[in-house]
Amino acid sequence: MKTYHPFYILLFVLPFVFSSCKKEKEKLPNIVLIMADDMGYECLGCNGSTEYKTPALDRLATDGIRFENCYSQPLCTPSRVKIMTGKYNYRNYEDFGYLNPNQITFGNILKEAGYSTCIAGKWQLNGLNRNNPGNQDVTRPNHFGFDEYCLWQLNHTRAEGERYANALITQNGVDLSCDVTDCYGPQVFADFVCDFIDRKAKAPFFIYYPMVLVHDPFVPTPDSPEWSDPGRRYEKDTAYYADMMNFTDKIVLQIESKLKEKGVWDNTLFIFTADNGTNRAVISETSYAKVKGGKGLSVNTGNHVPLIVSWPEKTKGNATVDNIISFADFLPTFCDAAGVESSKYKTDGESFYSLLTGEDTEKQNEIFIHYSPRWGTFSHDRWVMDDTYKLYKDGRFFNTSLDTLEKNPLLDMTREERDLKSRFEKILLEKENEIPFVLNDTTFNITY
């Protein structure tokens with residue numbers, strides 16, 4: 001019998017091993033996370049809006065999965081820190097507009113897992129607002145795991161340049177020259193994302209697009225008649241909020257269309273959500289009530305946000321899910337989708353991957369929220385909530401489905417309500433014992 005030297009056997013086997021590894025890598029889903037800025041649950045047609053036109057998002061909700069109970073933080077930076085790191089704010093939200101470089105984000109984890117990564121849109125994490133160390137570091141997005149970026153508020157403050165007409169944008173370390181005659185920030189970001197898809201479609205990629213829309217100032221979009229007059233492009237009026245909602249929907253459609261054009265839509269985990277509730281100056285008409293924005297507040301309109309998920313290859317579609325979802329849950333969900341072992345990351349969240357694939361419908365009963373805004377005059381607080389009830393750390397207990405503005409704490413309770421309150425109290429006590437509220441209230445006093 002003829003024998004072969006081990007070296008030749010290795011030469012024969014290795015190509016198949018590498019081919020198999022490459023094939024497995026190619027099977028990983030692409031992940032696209034789009035997060036609107038200041039858009040409450042009530043703003044989408046699929047969630048009851050009768051005022052704004054969102055046909056692309058409404059169709060995605062019909063074809064995919066619409067979540068009824070997703071809760072962010074009530075303010076932008078706390079939400080960004082939480083969704084990127086998968087941790088409660090009491091662990092790592094140190095200051096408004098800042099994410100400490102000692103943190104690990106979903107960008108770092110997915111890059112290590114073999115993904116090409118990019119971020120476009122609003123950054124607001126270098127520490128510009130309080131002049132934190134390193135706030136001029138234009139490599140900070142790379143440090144947090146993003147190969148490429150196109151961002152507003154990286155190393156320039158809002159006072160130096162706005163986000164819409166003639167936007168001040170930094171792309172991969174270079175400030176873009178944005179001609180006032182044709183530049184619209186949200187379109188620049190969307191085009192950057194689509195270009196990234198064009199170049200990276202043959203291997204798994206992760207795109208995080210924290211939009212600048214629909215944050216104030218409420219101004220015309222290129223689809224508004226007023227845009228034709230350059231002098232009116234920063235004309236402020238809440239009436240333009242509807243135009244901004246429409247343009248948001250248009251951008252979502254643009255990115256969806258690019259994914260389909262490149263033939264990768266079916267194996268893309270595509271997610272749309274928002275960082276917090278609608279601006280309080282905006283009142284939206286819905287099929288059930290007029291809803292006043294609650295941005296910054298602890299009432300549910302402050303952090304009840306839309307969540308739509310599409311993944312044609314995995315999800316059955318045409319589904320509505322009432323499971324309660326926290327912003328801490330996104331990172332572990334992405335890790336499950338990418339096959340990342342849980343031992344490689346730390347999170348306070350629970351993956352909702354099984355809800356997407358239909359493997360399991362076990363319900364997360366409640367979520368805990370620590371909120372220390374450190375911005376404006378917003379109150380600091382902690383609470384536990386489910387889709388109907390909420391308990392604050394001071395003992396106020398509300399039925400939020402009946403008392404949406406939380407005016408009347410429950411005093412006369414049923415046995416079931418008393419039992420639920422007792423369970424919520426135990427969770428709050430557990431969190432208090434772990435990290436007392438005073439250590440992460442108006443200032444961050446936790447040392448690692």
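Phe-327 is buried, at 0% relative accessibility (buried means under 20% relative accessible area with a 1.4 Å probe, protein chains only). Phe-330 is buried too, with a relative accessible area of 0%. The model is predicted: local features need pLDDT of at least 70, side-chain atom pairs pLDDT 80 or more, while totals for chains, interfaces and linings use all residues. Residues are numbered from 1 along each chain as its sequence is written, and side-chain values use heavy atoms, without hydrogens and water.

**Aromatic pairs**

- The structure holds 28 aromatic pairs (ring centres of Phe, Tyr or six-membered Trp within 6.5 Å; planes under 30 degrees apart are stacked, over 60 edge-to-face, the rest tilted).
- Phe-106 and Phe-334 form a tilted pair, because their ring centres are 5.8 Å apart and their planes stand at 40°.
- Phe-106 lies in helix H5 (residues 106-112) and Phe-334 in helix H9 (residues 330-338), so this pair ties together parts 228 residues apart in sequence (helices are DSSP runs of H or I, at least four residues, numbered from the N terminus).
- Both Phe-106 and Phe-334 are buried.
- The Phe-327 and Phe-330 rings have centres 5.2 Å apart and planes at 70°, so they pair edge-to-face.
- Ring pairs join a cluster that includes Phe-67, Phe-146, Tyr-208 and Phe-352.

**Charges over rings**

- The charged end of Lys-393 sits over the ring of Phe-437, 4.6 Å from its centre (NZ of Lys or CZ of Arg within 6 Å of the ring centre and within 35 degrees of the ring normal).
- Lys-431 places its charged end over the ring of Phe-368, 5.6 Å from the centre.

Notes:
Helix = DSSP H or I, 4+ residues; strand = E, 2+ residues; numbered from the N terminus. Buried < 20%, exposed > 50% of the residue type's maximum accessible area, 1.4 Å probe, protein only.
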